[in-house]
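Hi,

Here is the structure you asked for. Have a look at it first; my notes follow below.

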Amino acid sequence: MKKMQLIAALQAILPESAILSSKESQKPFECDGLSAYRQLPLLTVLPDTIEQIQAICKLCNQQQIPLVARGAGTGLSGGALPHEEGILLNLAKFNQILSIDIPNRSVRVQPGVRNLAISEAVAQYGLYYAPDPSSQIACTIGGNVAENSGGVHCLKYGLTVHNILELKVVMADGELLTIGSQAYDSAGFDLLALMTGSEGLLGIIVEVTVKLLPKPERTQVILAAFDDVAKAGRAVADIIAAGIIPAGLEMMDKLAIQAAEAFVHAGYPLEAEAILLCEIDGNNEEVSEHIMKVHHVLENSDPISFATAESEQQRNLFWAGRKAAFPAVGRLSPDYYCMDGTIPKQHLAAVLQEIQRLSRHHELAVANVFHAGDGNLHPLILYDANNAGELVKAEHFGADILKLCVQAGGSITGEHGVGIEKIDQMCNQFATDELAQFHSVKAAFDPQGILNPGKAVPTLHRCAELGAMHVHHGELPHPELERF
Amino acid sequence: MADISKTIQQQILTAVETQQPVNLRGGNTKSFLYHAKPGETLSLQAHQGIVNYQPTELVVTAYAGTKLNDLQSTLAEHNQRLPFDPPHFGDDATLGGAIATGLSGSIRPFTGSARDYVLGCRIINGKGQIMQFGGQVMKNVAGYDVSRLMVGAMGSLGVLLEISLKVLPIPASECYLSQSRDTQDALRMMQTLAAQNLPLSGLAYDGKAVHIRLAGAEAAVRAARQKLGGEHHKADVFWTLVNEQQHRFFDGEIPLWRVSVPPATVNLPISGKQLVDWAGGLRWVKTDESAEKIFTLAARHHGHAQLFRTAKLTEIRRQPLNSGLKRLHQQLKQSFDPHGIFNRGQLYPEF
Ligand SMILES: Cc1cc2nc3c(=O)[nH]c(=O)nc-3n(C[C@H](O)[C@H](O)[C@H](O)COP(=O)(O)OP(=O)(O)OC[C@H]3O[C@@H](n4cnc5c(N)ncnc54)[C@H](O)[C@@H]3O)c2cc1C
Ligand SMILES: Cc1cc2nc3c(=O)[nH]c(=O)nc-3n(C[C@H](O)[C@H](O)[C@H](O)COP(=O)(O)OP(=O)(O)OC[C@H]3O[C@@H](n4cnc5c(N)ncnc54)[C@H](O)[C@@H]3O)c2cc1C
C-alpha cells in the first residue's frame, strides 16, 4: 500500500487531525530515550478510542504494515523506535484514570496515564502504586507493562508484573481480549505474566488495572560510606543475611558519588569508593526494629561512616544525590550511555573490577549506579558523540559489560528491555532452540508479525551472521564434533 | 541429588516418535485436581536435589522432583522460606508439582503467589528440546516471560526440569488472633484491615470468626496484636488445617469449589457452605449446585471458579474461556507441544 492510499484508509478510521504524515509533525517521535537511534515512521496516528485501535490493527494486519506502540518514549532500549515503513501508534490521548476501587484497592486506567499520576490520584486514601521507575513523572503505565519496569523499591515491592491485575489488549488481528482478572488470579495460562515485558510485540495494551498498597507509615534511610567496593558489597549481603528486606538498597561508586555531590550537594563523603543507601519502611515499630538491626550490621562491616537521616529533609537530600545521578553524570560529559545488566550480588566486586579494566581498555570513563539489593547494575559510560567513533566505542564497551553479566550468571537487561539496543546480546544469552520458541510464542499472538517487528528477539539468521556460536551454560553446541 | 534430564529427554523423544501421550508426575499428591486421560506415566521424582542456593542472593535453584519438604527444611536452616505457603497435600509433594499447579496459600494477598516468586526455569518442550528461560537473578526482562507462563499450566506446555525461585527471610515473629463476626461484618473487616499498614500474613473467615495471622518484626507484631485485640491462639493450627485442607470445612463428599473473586465481593449467593481466605479474594465453596450456575456466578463477580475436589469423574473443572482466549491457549499449546503429548485434558478437556 502506498502512503497516500494508507492515509485514505486511515481517514476512514480517524479524524484528519489524528493522522500525522509530515516530517516536522513526526519529528518529536523519531526516537525514545535511546536517542542514538532515530527513525521517522511512515505515519503517526493518535487514536482516542479502543475501536479505532482495533480498526488500525485490522488494517495493518491485512496490509502487513508494521505497527509500533509508543507511550511517553522514555524507554532506554529503542523499543518505541519507529519503523520506516510502518505506523507509529501514539497512545498519548489514552490518558484517563477510568475508575478507582478503594474496597478492592485497585485502579483501572488507560495506558497513557503517567505512572506517578496513579499514586497521586489515590494518595488521599492512604494508598499508592508501588513500582516507581526513576522516570515515573513521565513514563506511562502502558510502557511500564510493556517493559515490566522496576524502580528503587522493587526489592521489597516487586516489579510491574507483581503489581497489576488485568489488561485489556487489542490483538494484532483487532480482537479485544481481557487478560488476567480483577481477582488475584485467573483461569488458564498466566498470560498476564507473558504480556508483561513483551515490549509491544504481542498486543496493544489499551487498559490496565493496577493493585494498590497501603502507604508505609514511616520511612527511614541510612547512608553508609566505604573505602572499598567489596566491603560495600559484603554489607549488602550481611543486611539480607540478617533477615531484612530493605525497601531500597542502592549503591554508587566513586565517580557517581563525585558527580552527584558536585550537582546536588547531598552530603556524600567524597573520599568514599562506594556508598550505600538503605531505606527501611513499614509501620513505626517495624522500622525502628529494622533500623537497629541494620545499624548493628553496618557497625561490623568496616564503613568509613554511616548515619540515619535525622529529618525528612535530610532523607530527601540523601536520595537527591542518587535520584540525580544520571543528570549529574551527564554534566561530566556531553553524552552518556546507560547500561542495565543484572548479576548475582556475590560477584559484585569482581564485576566492578572487570568493568574498570574494560574502561581502561576502551579508554572511556564509567560511573556505576547500582540497585544493589537485586543485583541490577547501571553502568553509565561517558562519551562524546561529536568525536568520531566514540559512540561506536561506547557501544562496544557496553556490549562487553553485558557479556560479562551473562558470564557472571546474570542477564543482559534487568528492567530497560531488549528493544533494538540489545538485540545482538540476546544471541549471547539464549540458544537457538530458545530463540525459536520465542518466535513461536510471538506467532501464536501475531501470526503476520506486524507488531513492533525487528525488536526484542533476534532472528536466528541474525545470530548466525553475528557468528556468535553460542556456548550455553558451558555446553558447546554439537559436542560430538571434534574441535581444534 | 540426581540429574536425569537426559533420560527424561529421551523418553519425550520416544513419546513423540510413537505418538504416545505422557502424564507427568511429581509426588502424585495433586491428582485429585484433574481428570487425566490415558497416557504413559513419566515420573519426575528421581530428578531431585538442590542445584544452587546462596541465602544472601535470596535465590534457590532446584530440580523439579525435589520434595517440597526437603526444599523447605534446607531453606529453614538459613532462616528463609518459600513466601507463597505452597500447600503440600502429602509428604511426597514436589517442587515441580507445586509450580505446575501454581497454588498458593493464605499468605497470597500479602506477599504474593507462586508465580510471583518464579525467576527462571529449565524445561523440555514437546519437541524434546531442553531450554532455559529467565535466570537466577531477581530482575531479568530478556525474552518473553516463559518461566511464569509455566506456573499453573498443569504441565501442559512442557516438563519442568529445574526451577529458580526468589526466597525470603522467615519473619522474626508470628501471632494468631480471631474475632467472632457475622459474614457481612467479617468481609467488611477484612477490607478495612487489608488497607492498613499492618504486618498481615493471613485474613480468613470460617463462618464464625475472622482469623488474623500477623507476621513480621517482633515489635510490629506485638503492636498490631495490641491494636487489634481478639482471642489469641498459641499455634497456627487453623492456618495449617486450611492450607492442607484438613480443616473440618473440607470434610465430606460434597464437591469443593475454588472461587477466585475481587476481595471486596459480597458473600456469594449460593447454597452450601463457604470458607473465605485471601482477605476475601478466595472463596472455598462446598455445594451441589451445577457447574454452569457456579461458573456464571463467578463470572458475574469478575472472578473464576474451579471444581477442586469431586468424587465424580468430571471433565470440565475450570471456568470456560471465551473464544478469543481459548484460541490463544490452543495456539500456545501448539507452540510448546505441537504433537499434543503432555498431560492431555489436565488443564482443559480440549488439549
Ligand atoms: C531518566 C530515566 C530513568 C529511568 N528509570 C527507570 C527505572 O528506574 N526503572 C525502569 O524500569 N525503567 C526506567 N527507565 C526506562 C523507561 O522509563 C521505562 O522503560 C518505561 O516503562 C517506558 O515507558 P514509556 O511510556 O516511556 O514507554 P515507551 O518508551 O513509549 O515504550 C516502551 C516500549 O513499550 C511499548 N509500549 C508502550 N506503550 C504500549 C502499549 N500501550 N501497548 C503495547 N506496547 C506499548 C513500546 O512499543 C516500546 O517497546 C528510565 C528512563 C529514563 C529516561
Ligand atoms: C492452598 C493450598 C492447599 C493445598 N492443599 C493440598 C492438600 O490438601 N493436599 C495436597 O496433596 N496438596 C495440596 N496443595 C498442593 C501442593 O502445593 C502442590 O500442588 C503439590 O506440591 C503438587 O506436588 P506433586 O508433586 O504431588 O504433584 P503431582 O500431583 O504429581 O502433579 C500435579 C500436577 O503437576 C504436574 N507436574 C508435576 N511435576 C511436574 C513437572 N516436573 N513438570 C511439569 N508438570 C509437572 C502433573 O502432571 C500434574 O498436572 C495445596 C496447595 C495450596 C496452595
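How many nonpolar, polar and charged residues does the shell around ligand 1 have? There are 11 nonpolar, 17 polar and four charged residues. Bear in mind that this is a predicted model.

**Ligand 1**

The shell holds 32 residues, and Ala69(A), Gly71(A), Thr74(A), Ser135(A) and Thr140(A) come nearest to the ligand.

- Thr140(A): 2.6 Å, to an N or O atom of the side chain.
- Ser134(A): 2.9 Å, to a polar backbone atom.
- Gly150(A): 3.0 Å, again to a polar backbone atom.

The protein buries 93% of the 980 Å² that ligand 1 exposes when taken alone. Three elements of chain A give two or more residues each to the shell: strand S3 (67-70), helix H5 (141-147) and strand S10 (204-211). H5(A) supplies the largest share, five residues.

**Helix H10 of chain A**

This helix covers residues 284-299. Its 16 residues should span 22 Å at 1.5 Å a residue, and the end C-alpha atoms are 23 Å apart, so the two agree. Its buried residues are Glu286(A), Val287(A), Glu289(A), His290(A), Ile291(A), Val294(A), Val297(A) and Leu298(A).

**Helix H11 of chain B**

Here 14 residues, 323-336, reach 20 Å from first C-alpha to last, close to the expected 20 Å. Buried residues in H11(B) include Leu325(B), Leu328(B), His329(B), Leu332(B), Lys333(B) and Phe336(B). Both chains contribute cover again. Chain A brings strand S9 (176-180), helix H7 (191-195) and helix H16 (432-445), among others. Chain B brings elements including strand S6 (118-124) and helix H6 (146-150).

**Ser260(B)**

Ser260(B) sits in strand S14 (256-260) of chain B. Is Ser260(B) buried or exposed? Its relative accessible area is 0%, under the 20% cut-off, so Ser260(B) counts as buried. The Ser260(B) side chain makes a polar contact of 2.6 Å with the side chain of Asp185(A). Leaving aside neighbours within four places in sequence, Ser260(B) also touches Ala183(A) and Tyr184(A) in chain A. In chain B, its contacts are Trp278(B), Gly281(B), Leu282(B), Gly303(B) and His304(B).

Best wishes

Terms used. Residues are numbered from 1 along each chain as its sequence is written. Chains are lettered from A and ligands numbered from 1 in the order in which they are written. This is a predicted model: local features need pLDDT of at least 70, side-chain atom pairs count only at pLDDT 80 or more; totals for chains, interfaces and linings use all residues. Side-chain values use heavy atoms; hydrogens and water are left out. Helices (H or I, at least four residues) and strands (E, at least two) are DSSP runs, numbered from the N terminus. The expected span of a helix is 1.5 Å times one less than its number of residues. Buried means under 20% relative accessible area, exposed over 50%, partly exposed in between (1.4 Å probe, protein chains only). A residue is near a molecule or strand if one of its heavy atoms lies within 4 Å of it. A polar contact is a pair of N or O atoms within 3.5 Å; within protein, one must be able to donate a hydrogen and the other to accept it, and residues adjacent in sequence count only if both atoms are side-chain atoms. Accessible areas come from the Shrake-Rupley method with a 1.4 Å probe; for residues, only the protein chains shown count as cover. Ala, Val, Leu, Ile, Met, Phe, Trp, Tyr, Cys and Pro count as nonpolar, Asp, Glu, Lys and Arg as charged, and the others, Gly among them, as polar. Contact means heavy atoms within 4.5 Å.
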